[in-house]
Amino acid sequence: MVRLKLRDRFFLSHMVVIFVSIGTLIIASDLLASQYFSSILLSEYFTGYLRQMNLDQLEVMLLQQKLLNGFNAAWEYGAFWSVFCGAIVAAGVSYLAAQRIVRPLKQIERGVQRLANGFLDERLPGSTIPEINHLAASFNSMAAELEAVEQRRREMIMDFTHELRTPLTVVQGYLEGLADGAIAPSPNTYQLLARETKRLRRLVNDLQELSQAEIGYLPIRLQKLYLPPILEQLMQRFSDQLVNTDIYLKLDCPVDCPVVLADPERVEQILINLLGNAIRYAQASQITLRVWQGEQQLWLSVEDNGRGISPEDLPHIYERFWRSERSRSTHNSGTGIGLTIAKRLVELQKGAIEAKSEVGKGSTFQFSLPLT
């Protein structure tokens with residue numbers, strides 16, 4: 001079975017419609033025009049007009065028949081050339097119309113093939129046909145998103161290898177030193193190696209969680225949640241770790257705290273990340289965990305009086321592996337993707353996260369959760 005191309009199908013469909021229309025027009029016109037002209041010839045007015053020319057009845061009938069035959073011949077001649085010329089013009093117009101529609105479709109086909117072959121910068125031109133123009137815009141949007149995903153994937157691999165290099169270099173150096181006898185075995189050495197391997201494991205776990213969050217595979221179990229018990233437990237847990245420091249925590253939560261729709265484990269994970277960052281970068285200061293109600297959300301903020309973040313660094317804080325002080329990355333216990341994970345977890349719970357900071361005065365990280 002022969003399968004016609006879209007252009008041929010479109011062209012043939014136009015031609016079928018045109019010929020059916022012309023055939024219907026000719027048949028209808030032939031029947032109606034002949035009957036109408038015959039009725040005029042046989043009318044009393046026209047017959048009387050012919051009799052005024054001193055013609056007898058037979059001559060009148062013969063003249064009427066000649067006129068009718070002449071009209072039919074002229075009609076058939078005109079109809080033939082009308083159909084012939086109309087068919088040629090219609091075929092040309094149909095072909096041009098088919099080409100006009102099929103040409104951008106072929107461009108889309110080539111674009112899809114190039115995109116499938118890895119040319120993610122492929123884009124399609126606009127079209128004067130609204131539907132095809134909308135299709136091309138959707139294709140360009142998809143291609144741009146795929147290009148952005150590929151760029152993020154490459155950046156993630158580069159960042160990941162960069163972050164792995166430091167602890168691996170440390171572990172390798174100490175292991176080689178222990179093997180060569182250049183470094184004497186000691187509890188401090190083994191603790192350092194254990195700390196670096198723990199950092200590697202935490203980095204891998206965080207990356208796995210981030211990947212799941214970015215592709216939407218991270219499970220979020222939303223439920224009605226009353227936050228004060230969770231907040232009090234977190235404050236107690238972190239306060240126990242700050243007994244011998246100059247940092248103290250404060251909880252500012254209203255007694256009539258409303259119920260939110262959230263995942264308790266993910267909310268706790270977000271707060272642990274924000275509180276951990278505040279403690280890590282704070283000096284002798286107070287850290288406040290504040291809760292207040294907005295219009296349709298409940299807001300939680302972690303406020304510190306630490307060093308703060310510069311305005312040029314603030315837009316980058318949610319980027320993977322970004323730190324405002326690169327030189328501290330070698331001894332910083334963080335993995336550099338905690339805020340990235342926190343932001344994604346907030347978004348998965350239909351909330352928003354914001355950051356405010358001023359150098360020398362501290363930072364405020366706040367996020368919202370929807371009310372029930």
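Here is a short exchange about a helix, its neighbouring strands and a few side chains.

Biologist: What kind of model is this, and how are residues numbered?
Modeller: This is a predicted model, where local features need pLDDT of at least 70, side-chain atom pairs count only at pLDDT 80 or more, and totals for chains, interfaces and linings use all residues. Side-chain values use heavy atoms, without hydrogens and water, and residues are numbered along each chain as its sequence is written, from 1.

Biologist: How far apart are the end C-alpha atoms of helix α6?
Modeller: Helices (H or I, at least four residues) and strands (E, at least two) are DSSP runs, numbered from the N terminus. Helix α6 has 14 residues, 228–241. The expected span is 1.5 Å times one less than the number of residues, which gives 20 Å for α6. The end C-alpha atoms agree with that, being apart by 20 Å.

Biologist: Is β5 enclosed or open, and how many of its residues are buried?
Modeller: β5 also pairs with β7 (residues 362–370), antiparallel over 7 bridges. β5 is largely enclosed by the rest of the structure, because of its 8 residues the buried ones number 7.

Biologist: What is the angle between the planes of W292 and W299?
Modeller: Rings of Phe, Tyr and Trp (its six-membered ring) pair if their centres lie within 6.5 Å; planes under 30 degrees apart count as stacked, over 60 as edge-to-face and the rest as tilted. W292 is partly exposed at 30%, whereas W299 is buried at 13%. Their centres are 6.3 Å apart, and the pair is stacked, with a plane angle of 10 degrees.

Biologist: Is K350 buried or exposed?
Modeller: K350 lies in the loop between α8 (338–348) and β6 (353–358). Its phi is positive, near 65 degrees, in a residue other than glycine. With 67% relative accessibility, K350 counts as exposed.

Technical notes. Buried means under 20% relative accessible area, exposed over 50%, partly exposed in between (1.4 Å probe, protein chains only). Two strands pair if DSSP finds at least two bridges between them.
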